[in-house]
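Here are my notes on the model you sent. They are set out as numbered points, to be read alongside the structure.

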Amino acid sequence: MRTLPRPFPSGFTPRVLVAALASFGLAGTAAAETLTFAHVYETSEPYHQWALWAADEIETRTDGRYSIEVHPASSLGKEADINEGLSLGTVDLIYTGNQFAGRSYGPIGIAGAPYMFRDFDHWKAYAESDLFDEIAQGYEDATGNVPLAMNYYGRRHATSNKPINTPADMQDLKIRVPNAPMYMMFPEAVGANPTPIAFAETYLALQQGVVDAQENPLPTIKAKAFYEVQDYINLTGHITDSLITIASGSLWSRLSEEDRQVFREVYTEAGEGITEDILQQEQDLVAWFEEQGVTVNEVDTEPFREAVLPFHNGDAATWDQETYDRLQALGQ
């Protein structure tokens with residue numbers, strides 16, 4: 001499993017180095033500009049660990065011009081809040097789902113639609129494609145904010161207190177989903193009742209029976225301890241999901257072309273690390289969950305896929321047919 005690079009001894013970061021140099025009069029006189037990176041994930045998750053790594057790398061590669069404070073676990077607000085903060089310029093950098101970004105620019109939400117990708121390789125082909133570059137540019141033109149990197153989030157699965165084997169098993173099931181329209185497509189296609197609840201409030205909602213189920217990738221199910229309040233993990237694999245690292249337009253307008261390249265390179269490298277870590281966790285976690293006494297339920301996904309496909313270019317679609325066809329042709 002890939003581990004985070006450790007260019008400095010434990011406890012010795014670029015911030016410490018800059019401070020040490022300054023004490024000897026060797027550092028530049030200009031103070032670093034402090035930036036804010038916000039996300040909704042736990043400190044134990046790769047997203048946070050790689051955000052910390054990226055913060056140190058950017059400080060190093062910009063010779064101390066930028067210092068980044070990373071705020072995890074919804075400490076600066078729910079995902080909708082930090083997206084708004086990005087547009088207001090109160091947050092400089094975020095991770096966000098394609099589905100949330102799609103609220104500001106519809107076509108970018110296509111990567112968050114259920115069963116849009118055949119498998120991980122199809123998703124990777126999209127993340128590295130001219131099509132994604134074009135869509136990212138469209139998002140930038142529409143919002144002023146700048147996508148920097150794609151980060152694999154994992155295949156989303158439904159957890160519940162009863163086994164889910166067919167779409168009929170989800171009829172009227174009250175399932176928690178994030179508060180973005182694209183997350184509604186899968187539950188609605190199979191007759192479930194999608195219930196938007198903030199990420200930080202989901203555990204309690206499951207524990208108190210406000211909802212019957214939720215859906216997330218295996219690493220997130222572990223990190224948020226949803227397995228403690230759900231008996232079954234049903235491997236529906238309905239969304240091959242990802243996060244986008246996005247910089248605010250106000251930050252981007254202040255950066256030199258050289259520093260823009262540094263930010264792109266660092267967050268691309270962090271995205272590669274996140275992707276490797278999540279892939280490894282997905283391989284390892286089925287056995288771990290079974291050791292905890294949770295039933296991991298293998299599911300024939302084809303009936304679920306067939307239920308969803310008519311929705312891909314239906315009323316909920318925020319992309320055109322050409323974009324859909326180009327995405328489907330990738331990797332073939």
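1. Which residue stands opposite L243 in β8? The residue is G97. This is a predicted model, and G97 falls within strand β3, residues 93-97. β3 and β8 pair in the antiparallel sense, with five bridges between them.

2. β8 has other partners. Strand β4 (residues 146-160) also runs antiparallel to β8, and 12 bridges join the two. In that pairing, A158 stands opposite N234 in β8. With strand β9 (residues 295-297), β8 pairs in the parallel sense over three bridges; here I233 has V296 in β9 as its bridge partner.

3. Is β8 largely enclosed or left open? Of the 16 residues in β8 (residues 232-247), 15 are buried, so the strand is largely enclosed by the rest of the structure. Buried here means a relative accessible area under 20%.

4. Helix α5 (residues 120-127) has as its buried residues F120, H122, W123, Y126 and A127. They lie on the same side of α5, because the arc they cover around the axis is only 160 degrees. The elements covering these buried residues include α6 (130-143), β4, β8, α11 and α13 (321-329). At the start of α5, the backbone nitrogen of D121 has a side-chain oxygen of D119 within 3.3 Å.

5. Y126 deserves a separate look. Apart from neighbours within four places in sequence, Y126 is in contact with I110, A111, F117, L131, F132, I135, M150, L327 and L330. Y126 is also among the residues with the most contacts inside the largest nonpolar core, together with I68, F263 and Y267.

6. That largest core has 95 residues. Helix α11 (residues 257-291) gives the most to this core, contributing nine residues. As background, nonpolar side chains tend to be buried together in soluble globular proteins.

7. On confidence, the protein chain averages a pLDDT of 93, and 91% of the residues score at least 70. Residues 6-12 are one of the exceptions, with a pLDDT below 50; this stretch has seven contacts in the model beyond near neighbours in sequence. Over residues 14-29 the pLDDT stays under 50 as well, and the model has 17 contacts for them beyond four places in sequence.

How values were computed:
Residues are numbered from 1 along each chain as its sequence is written. This is a predicted model: local features need pLDDT of at least 70, side-chain atom pairs count only at pLDDT 80 or more; totals for chains, interfaces and linings use all residues. Side-chain values use heavy atoms; hydrogens and water are left out. A nonpolar core is a set of buried Ala, Val, Leu, Ile, Met, Phe, Trp, Tyr and Cys residues joined through side-chain atoms within 4.5 Å. Buried means under 20% relative accessible area, exposed over 50%, partly exposed in between (1.4 Å probe, protein chains only). Helices (H or I, at least four residues) and strands (E, at least two) are DSSP runs, numbered from the N terminus. Contact means heavy atoms within 4.5 Å. Two strands pair if DSSP finds at least two bridges between them. The arc is that of the directions from the helix axis to the C-beta atoms. A polar contact is a pair of N or O atoms within 3.5 Å; within protein, one must be able to donate a hydrogen and the other to accept it, and residues adjacent in sequence count only if both atoms are side-chain atoms. pLDDT is the predictor's confidence in each residue, from 0 to 100.
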